[in-house]
Amino acid sequence: MEGFEKKANLNEGAGFILASGSPRRKELLRELVEEFVVLPSHAEEISSHPDGPVALVRENARIKGSDVARQYPDHWVLGADTLVWVDDRVLGKPKDMEEAMDMLRSLAGRTHSVSTGLFLSLLSGDFEETRVDTSQVSFKAFDDSVIKAYFSEVDPLDKAGGYAIQTRPDLIIDTFAGSRSNVIGLPLELMKGWLREVQVLQS
């Protein structure tokens, strides 16, 4: 991926842990960090927040990241959580294909938001911070036949909102604004600047 050729090398200093089992986040983080360990959190997420979807995704990233950080205080730990939302209605990972169909029907012909909450910490260094990046995605107007064709190529059950921007976007997506990698699960632009600030990534 162009623009992310300079990677952190953690042979010296604190190691880096990705507290997420998402294969897409792992692939994206590899664009920035050369060496890291994947240790998914088993902490229980919350399903709603009184301050809305952005606060919800921020808090879930903190819950997951801090769960792993407490076990490895001498390592950098990155927790993340991504969700799709429209009109303050949160669309997580669909439970089954019927719910996935309903999700795409509700998004057809509309613009929705995709937010990724991020938690970064090095507890032994007294550092702990959360950030959120949000992108806007506009869907084409389409019917059930298009949804079925899309699902024949994309498994919606492990994806927030039931879709993936990186696979057959021509079928369902009209335009998007903001970070594309954020929609996939990890905003590389935000992460690159953040890791430079904390000197994990050298300029």
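This is a predicted model: local features need pLDDT of at least 70, side-chain atom pairs count only at pLDDT 80 or more; totals for chains, interfaces and linings use all residues.
I take buried to mean under 20% relative accessible area, exposed to mean over 50%, and partly exposed to cover what lies in between, with a 1.4 Å probe and protein chains only. I number residues from 1 along each chain as its sequence is written, and side-chain values use heavy atoms, with hydrogens and water left out.

**Entry 1: the whole chain**

I looked up the elements, which are DSSP runs numbered from the N terminus (helices are H or I with at least four residues, strands are E with at least two). The chain has 7 helices and 7 strands, and along the sequence they follow the pattern β-α-β-α-β-β-α-β-β-α-α-β-α-α. I then checked the radius of gyration, taken over C-alpha atoms, against the globule rule of 2.2 Å times the number of residues to the power 0.38. For 203 residues a compact globule would have a radius near 17 Å, and the chain agrees with its 17 Å. The C-alpha trace spans about 55 × 40 × 25 Å along its principal axes, and 50% of the 203 residues count as buried.

**Entry 2: valine 137**

I found valine 137 in strand S6, where it counts as buried at 0% relative accessibility. Which residues does valine 137 touch, not counting those up to four places away in sequence? With contact meaning heavy atoms within 4.5 Å, I noted Arg110, Thr111, His112, Val114, Tyr163, Ile173, Thr175, Phe176 and Val183. In the chain, 68% of the contacts with a separation of 6 or more are between residues 24 or more positions apart.

**Entry 3: serine 121**

Serine 121 has its place in strand S5 (residues 111-122), and this serine is buried, with a relative accessible area of 0%. Leaving aside neighbours within four places in sequence, I list Ala69, His75, Trp76, Val77, Phe127 and Glu128 as its contacts.

**Entry 4: aromatic pairs**

I next looked at rings of Phe, Tyr and Trp (its six-membered ring), which pair if their centres lie within 6.5 Å, and which count as stacked with planes under 30 degrees apart, edge-to-face over 60 and tilted for the rest. The search of the whole structure finds 4 aromatic pairs. One of them joins tryptophan 76 and phenylalanine 127 edge-to-face, at 5.6 Å centre to centre and 65° between the planes. Tryptophan 76 lies in strand S3 (residues 76-86) and phenylalanine 127 in strand S6 (residues 127-139), so this pair ties together parts that are 51 residues apart in sequence. Tryptophan 76 is buried at a relative accessible area of 10%, and phenylalanine 127 is also buried, at 18%. Tyrosine 150 and phenylalanine 151 form a tilted pair, 6.1 Å centre to centre with 50° between the planes, and both residues are buried. I also noted that ring pairs link Phe139, Phe142 and Tyr163 into a cluster.

**Entry 5: helix H7**

In helix H7 (residues 188-197) I listed Leu188, Leu190, Met191, Lys192, Trp194 and Leu195 as the buried residues. What covers them includes strand S1 (16-18), helix H1 (23-29), S3, S5, S6 and helix H6 (180-184). Just after H7, glutamine 199 takes a positive phi of about 65°.
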